Amino acid sequence: MKINIHELQNKSEIEFNFTGQLAINSFNLAIADETCIVDVKGIITKKGSIYILKGELSTVLSLSCDRCLKKFDYPIHAKFDREFSSEKDNQEDEEDNIKISNSILDLTDVVAETIYLEMPMKHLCHDECKGICVVCGQDLNEKACGCSNDNIDPRLESLKDIFSIKPTQ
């Protein structure tokens with residue numbers, strides 16, 4: 001996902017459209033597949049020494065549910081915009097500007113960052129996922145297991161009957 005920004009000397013903007021494979025295993029996330037196919041499109045314009053990138057991406061990640069451990073597909077559609085500046089002109093030294101030193105702009109990091117920011121904090125196959133039984137491992141979405149969930153910490157056992165105390169008259 002590289003763009004030659006040297007073309008902006010002859011044009012006011014460059015439109016791009018990529019479909020490529022992206023490795024997404026670098027952050028050790030609970031991702032079932034280590035790569036995904038990403039569609040990226042957008043426009044790069046130049047204002048002085050600053051290159052303005054605006055685009056959008058779409059992909060489908062294969063994630064593992066945090067509760068039941070089944071694989072599920074999670075679609076991502078996101079917009080992004082970044083500013084890049086050449087090292088020759090450091091007068092506008094803003095933190096948001098990414099420095100570039102050659103005429104090739106690699107969008108891999110921008111696309112990966114956008115995907116990571118769009119991922120959910122908790123990977124759930126659906127909102128009502130019941131997970132698996134902690135005793136027998138049965139997927140509770142498929143059927144109930146019948147295991148007893150009365151494992152009470154002995155230190156807290158006296159609190160078990162706190163709401164069943166009958167008021168005295």
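Student: How far is the sulfur of Cys 129 from the closest cysteine sulfur, and which residue holds that one?
Tutor: This is a predicted model, and in it the sulfur of Cys 129 lies 3.7 Å from the closest cysteine sulfur, which belongs to Cys 65. That distance is too far for a bond, because a disulfide requires two cysteine sulfur atoms within 2.5 Å.

Student: And what about Cys 133?
Tutor: For Cys 133, the closest cysteine sulfur is in Cys 145, at 3.4 Å, and this too is too far for a bond.

Student: How many disulfides does that rule give?
Tutor: The count comes to zero disulfides.

Student: Are Cys 129 and Cys 133 buried or exposed?
Tutor: Cys 129 counts as buried, at 5% relative accessibility. Cys 133 is buried as well, with a relative accessible area of 6%.

Student: New topic: how many salt bridges are there?
Tutor: The structure holds four salt bridges. As background, side chains of opposite charge can pair when their charged atoms come close.

Student: Which residue meets Asp 139 in a salt bridge?
Tutor: The partner of Asp 139 is Lys 70, with 3.2 Å from N to O. This pair links distant parts of the chain, 69 residues apart: Asp 139 is in the segment after helix H1 (108-118), and Lys 70 is in the loop between strand E4 (50-64) and strand E5 (71-86).

Student: Which of those two is buried, and which is partly exposed?
Tutor: Asp 139 is the buried one, with a relative accessible area of 9%. Lys 70 counts as partly exposed, at 38% relative accessibility.

Student: What else does Lys 70 form a salt bridge with?
Tutor: Lys 70 also forms a salt bridge with Glu 142, and the closest N and O atoms are 2.9 Å apart. Glu 142 lies in the segment after H1 and Lys 70 in the loop between E4 and E5, so this pair ties together parts that are 72 residues apart in sequence. Glu 142 counts as exposed, at 54% relative accessibility.

Student: Where does Arg 82 come in?
Tutor: The side chain of Arg 82 meets that of Glu 113 in a salt bridge, at 2.5 Å from N to O. Arg 82 lies in strand E5 and Glu 113 in helix H1, so parts that are 31 residues apart in sequence are tied together by this pair. Arg 82 counts as buried at 18% relative accessibility, whereas Glu 113 is partly exposed, with a relative accessible area of 38%.

Student: What does the side chain of Thr 59 reach?
Tutor: The side chain of Thr 59 reaches the backbone oxygen of Ile 37, at 2.7 Å. Beyond its neighbours within four places in sequence, Thr 59 has contacts that include Cys 36, Val 38, Tyr 74 and Ile 115.

Student: Which residues form the nonpolar patch on the surface?
Tutor: The patch is formed by Ile 152, Leu 156, Leu 159, Ile 162 and Phe 163, which together have about 560 Å² of accessible area. Leu 159, one of these, lies in the segment after H1.

Student: Last one: how many helices and strands are in the chain, and how do they run?
Tutor: The protein chain has one helix and seven strands. From the N terminus on, the order is β-β-β-β-β-β-β-α. Of the 169 residues, 31% count as buried. The chain exposes about 12000 Å², and carbon and sulfur atoms supply 47% of that.

How values were computed:
Residues numbered from 1 in each chain as written. Predicted model: local features only at pLDDT ≥ 70, side-chain atom pairs only at ≥ 80, totals over all residues. Heavy atoms only, no water. Helix = DSSP H or I, 4+ residues; strand = E, 2+ residues; numbered from the N terminus. Buried < 20%, exposed > 50% of the residue type's maximum accessible area, 1.4 Å probe, protein only. Patch = residues over 30% accessible without salt bridge, like charges linked within 9 Å, V, L, I, M, F, W, Y side chains within 5 Å. Areas by Shrake-Rupley, 256 points an atom, 1.4 Å probe, with all protein chains shown as cover. Polar contact = N/O pair within 3.5 Å; in protein donor to acceptor, adjacent residues only side chain to side chain. Contact = heavy atoms within 4.5 Å.
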